[in-house]
Amino acid sequence: MQPWPWYVAGPLIGLFVPALLLVGNRMFGISGNLRHVCAAALPTRAAFFQYDWRRVGGWNMAFAVGILLGGVLVGLTMPDGAQIALSPAARESIGALGVRDFGGLVPREFFNWSSLLTMRGVVMLVGGGVLVGFGTAYAGGCTSGHAIAGLADFQLPSLVAVIGFFAGGLFATWVLLPLLLRGGL
Amino acid sequence: MVGSSAGVHERSPVSPTGQGVTTFAATDGTEASEAGAELRTGRGAGLVVYLMFGTLFGIVLMKAQVVSWFRIQEMFRFQSFHMFGVIGTAVVTAAAALQLIRRTGLRAANGQPITIPPKEMGRGTRYWLGGTLFGLGWALVGACPGPLLALLGSGKGVFGVVIVGAVAGTWLYGALRPRLPH
C-alpha cells in the first residue's frame, strides 16, 4: 500500500490549524480529549478535572468522534492485509525485531487480543497507552498540539516538548522495543 | 507553581454573551494560560462542523499511513523521509497560514479576533519530561492520540484497550499533578 505522498498529506494536516481557528477560534489539538473524558465520566476530585468539559471540550470531542468515523470509512475500503510500502531498510530492521507478518497497518502479532495475555503485549498496549495519556497531559499536548500547532506558532515550550517526544521515541525504539521483542518476554 | 491557581481559572466565569473572547487574560502561569486558552467561548461552529473536520482529519491520517506502527518505527529509525515530510510540511503550512491570518487580521466566523495565547515556559520541566514520557508511549504503541482513534475506528478493537490506558494515564496525571514538578 502506497501512502498519500507526504507533500499532499502534510499540507492537508497543516490546514486544520487555520481551519479550526477560522471556524471557531479553536486551537488544533487532540490529547485534550483524554482530559475531557476524565472530567466528564470518571470519579475524581483533582483540580485538573474541575471545569466545564462540555463548553471547553465539546467541540474537541466532536472532532475526536470524527477521527474515529474517518477510521471507519477508510477501514471499510482498505484491502485486508495489504502491506505498507516500507523502505527496505525499515523492513529489515523491523524483521530483525522478530516481526514476520507485515500485513495491515500495524503488526498483527502484537496488536491483537491474545497479545494482552503476554508481558510483551501488556507493556506495549497498556503501558504504552498509559504513557501516552500521562505524557500528553503532563506536557500539555501531543503531536498535533505541540509538534504541529505549537511549532507553527513558534512556541518555544512546544519545541522543548517535541525534542522530548523524539528523545522518548528514540529510546523506546532503540532500547526498549529490542529488549521487549527480542528478549522473549 | 501554578498548580492551585489552575482550578480557579478553570472555574472563572465567562461571559455567556459570547463576548468573552478576551477572558483568557490569565497568563501568569503555564496552567493558567492553558486553561485560559481552553476557556474561550462564544458561539462557534456547531458540533457537526467539528465532527466533519474530524472525519476528514481521520481520513488523512489513515491515507497518509501515519497511524501505522510500521511507519512510526521507520521514522524513529530514520529509514524513510515519509513521516518527517508529513510533519514538516504540516508545520510549514500551518505556520504560513497563521502568518497570513495575523497579517490580514482575519477573524473567526463568529467575529472573534483570532488569538493564540502563548504557552508559558516556566521551568520547562513539564515539557521535556512530559514530552519524553509521551514519546516512549508513542513508539511503543506506534500511535499518538489521533491515530489511536482512527485505528479503533478502522476495526482494530484492541486499540480500545490502548485508549482506556491513555485515559487512565491522564487521570493519573491529574491525581499526581500537585506533587509533580512543572
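The model is a predicted one.

Chain B contains eight helices and zero strands, and 57% of its 182 residues count as buried. Among its contacts with a separation of 6 or more, 58% join residues 24 or more positions apart.

Next, select residues 69–76 of chain B, which form helix α4. This helix is mostly covered, with eight of its eight residues buried; including W69(B), R71(B), E74(B) and F76(B), these residues carry both ends of the helix numbering. To view the cover, display α4 (88–96), α5 (119–139) and α7 (156–182) of chain A, along with α5 (82–104) and α6 (125–141) of chain B, which are included in what covers the buried residues.

Now inspect the two ends of α4(B). At its start, a side-chain oxygen of S68(B) comes to within 3.0 Å of the backbone nitrogen of F70(B). Just after the helix, F78(B) adopts a positive phi of about 55°.

Proceed to the largest nonpolar core, which has 86 residues. Select F28(A), F63(A), F111(A), F57(B), W69(B) and W138(B), the members that touch the most others. The greatest contribution to this core, nine residues, comes from α5(B). Another core, of 14 residues, lies apart from it; among its members are L34(A), C38(A), A166(B) and Y173(B).

Finally, centre the view on F28(A). Beyond its neighbours within four places in sequence, its contacts include F16(A), F63(A), I148(A) and, in the other chain, F57(B).

Technical notes: Residues numbered from 1 in each chain as written. Chains lettered and ligands numbered in written order. Predicted model: local features only at pLDDT ≥ 70, side-chain atom pairs only at ≥ 80, totals over all residues. Heavy atoms only, no water. Buried < 20%, exposed > 50% of the residue type's maximum accessible area, 1.4 Å probe, protein only. Helix = DSSP H or I, 4+ residues; strand = E, 2+ residues; numbered from the N terminus. Contact = heavy atoms within 4.5 Å. Polar contact = N/O pair within 3.5 Å; in protein donor to acceptor, adjacent residues only side chain to side chain. Core = buried A, V, L, I, M, F, W, Y, C linked by side-chain atoms within 4.5 Å.
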